[in-house]
Amino acid sequence: MSVQAASVRQGVIRRHRAWLPEIPEGAIAALGEGETPLIEATRLSERIGARLYLKFEGMNPTASFKDRGMTMAISRAVAEGSRACICASTGNTAASASAYSARAGMSCFVVVPAGKIALGKAVQFLAHGAKVVQIMGNFDAALKLSQRAAKELGTVTLVNSVNPDRIEGQKTAAFEVCESLGRPPDALALPVGNAGNITAYWKGFKEWREAGYADTAPRMLGFQAEGASPLVAGRDFESPETVASAIRIGAPASRDGALVAMRESGGLIESVTDEEILKAQDLLAREEGIFCEPASAAGVAGLLKLAREGRAPEGVVASVLTGHGLKDPDIVLSRTVLPDPIEATFEALVGVMQQTEPDAR
Ligand code: F0G
């Protein structure tokens with residue numbers, strides 16, 4: 001007897017099959033990725049002066065947008081008989097690759113910059129049994145090494161976003177934004193690191209328009225962290241630095257894709273400071289109830305900056321929150337303190353409540 005579960009999420013390969021390169025059904029490694037919420041942000045909308053919606057990609061199976069592309073890359077590797085994959089990562093790609101590899105019964109090597117991986121992401125790839133290689137170097141060095149290993153060994157599949165299947169999977173987020181709004185937004189703001197995601201969104205929006213579902217495509221507004229902003233400076237950064245460890249990248253592999261997206265859409269790529277990123281993360285958590293990791297707040301930080309300078313986009317704006325806040329607990333813990341414990345009595349409780357909220361009687 002076969003059992004059918006109600007309302008199963010199909011995952012992006014099955015849901016968007018007509019838009020993606022073909023993957024044989026038997027090779028699909030899926031975890032119900034995609035179909036993430038698009039949440040209206042009323043308080044931030046007021047601050048920005050546009051109608052802002054947040055595409056919360058932290059709601060994917062491994063809590064970042066990487067799962068959309070990873071289901072494609074790993075499924076393709078399965079289809080081609082590959083037994084192992086490799087990726088360089090600032091954390092999220094590694095978490096996603098290790099989960100989908102586990103699902104597919106494949107070995108997974110993750111090459112990461114030592115000491116620069118947020119705790120939640122490290123916990124993920126350790127739990128999924130990835131073979132972890134920490135290097136004394138940054139993401140850019142890790143990517144070069146991983147590319148070379150994949151090329152010269154010939155037995156491992158590279159699953160970074162230079163793998164075109166990753167871009168194909170990730171472009172499905174653009175379709176979902178259009179479906180949810182009933183039309184493309186007027187602008188889309190997102191963080192830019194290795195620049196795969198902005199490349200993927202722009203591909204998705206263009207395909208949506210070419211298919212005749214819309215006459216327009218959004219202006220693409222990409223934001224890098226100031227200390228890691230090679231696309232803004234027009235030169236690679238040898239030692240990129242930012243609190244947003246996910247986008248601590250000095251030589252983006254998909255640089256050309258990002259620049260094309262900016263040019264063709266009439267958009268921009270600018271930078272925001274670490275302070276602006278953390279402020280935006282804080283506002284999202286405290287005023288909208290949405291907890292994203294620091295890098296993910298760069299899009300909103302950028303919109304707030306444009307608003308302050310009188311350059312905010314008009315109309316309907318979407319911002320992509322690329323990863324969940326639980327990925328990086330240290331950031332919040334380092335900026336706040338837990339209060340000392342109190343006696344377990346009603347009087348002590350009320351005392352504390354009235355101290356912090358005098359109206360709580
Ligand atoms: N936001 C988060 C949370 C990320 O993890 C990344 C990239 C980005 C934004 C930038 O996306 O690279 O496509 O421009 N993380 C990669 C990783 C580099 O290894 O997890 P991008």
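Predicted model: local features only at pLDDT ≥ 70, side-chain atom pairs only at ≥ 80, totals over all residues.
Which residues of β3 point one way, which point the other way, and are they buried or exposed? Residues are numbered from 1 along each chain as its sequence is written, and side-chain values use heavy atoms, with hydrogens and water left out.

To the question, then. A84, I86 and A88 point one way from β3, C85 and C87 point the other way, and all are buried. Buried means under 20% relative accessible area, exposed means over 50%, and partly exposed is in between, with a 1.4 Å probe and protein chains only. With 5 of its 5 residues buried, β3 is largely enclosed by the rest of the structure. Strands here are DSSP runs of E with at least two residues, helices are runs of H or I with at least four, and both are numbered from the N terminus.

Now the sheet around that strand. It is an open sheet of 4 strands in the order β5-β4-β3-β6, and the pairing is parallel. At the edges stand β5 (131–135) and β6 (156–158), each with a single partner strand, so one side of each has no neighbour in the sheet. From one strand to the next the twist averages 25°. Angles run from 0 to 180 degrees between N-to-C directions, and axes are lines fitted to C-alpha atoms, for helices over the stretch in contact. As for pairing, two strands count as paired if DSSP finds at least two bridges between them.

On one side, β3 (residues 84–88) is joined to β4 (residues 107–113) by 5 bridges, and the two run parallel. C87 has V110 as its bridge partner in β4, and C85 stands opposite C108 in that strand. β3 also pairs with β6, in the parallel sense, over 3 bridges. There C85 stands opposite T157.

Helix α4 (residues 92–104) makes a right-handed β-α-β unit with β3 and β4. Right-handed means that, with the strands pointing away from the viewer, the path from the first strand over the helix to the second runs clockwise. Helix α6 (residues 139–153) packs on the sheet and touches β3, β4, β5 and β6, its direction making about 155° with that of β3. Contact means heavy atoms within 4.5 Å.

Between β5 and α6 there is a loop that holds N138. N138 is buried, at a relative accessible area of 15%. Its side chain reaches the backbone oxygen of E238 at 3.3 Å. That is a polar contact, a pair of N or O atoms within 3.5 Å; within protein, one must be able to donate a hydrogen and the other to accept it, and residues adjacent in sequence count only if both atoms are side-chain atoms. Leaving aside neighbours within four places in sequence, N138 is in contact with P113, E238, P240 and R248.

Next, another sheet. This open sheet has 6 strands in the order β1-β2-β10-β7-β8-β9, with mixed pairing. Its edges are β1 and β9 (268–272), each with a single partner strand, so one side of each is left without a neighbour in the sheet. Neighbouring strands are turned by 25° against each other on average, direction ignored. β2 pairs with β10 (residues 316–321) in the parallel sense over 6 bridges, and F56 has L321 as its bridge partner in β10. Helix α8 (residues 172–181) packs on this sheet, touching β1, β2 and β10, and its direction makes about 135° with that of β2.

On to the aromatics. How many aromatic pairs does a search of the whole structure find? There are 6. Rings of Phe, Tyr and Trp (its six-membered ring) pair if their centres lie within 6.5 Å; planes under 30 degrees apart count as stacked, over 60 as edge-to-face and the rest as tilted. W19 and Y213 have ring centres 6.0 Å apart and planes at 40°, so the pair is tilted. The pair links distant parts of the chain, with W19 and Y213 194 residues apart. W19 is partly exposed, at 23%, whereas Y213 is exposed, at 54%. Ring pairs link W19, F175, W208 and Y213 into a cluster.

Last, backbone angles. Most residues other than glycine have a negative phi. E35 has a positive phi, near 50°, and A63 has one near 75°. E35 lies in the loop between α1 and β1 and is partly exposed, at 33%. A63 is in the loop between β2 (51–56) and α3 (66–79) and is buried, at 17%.
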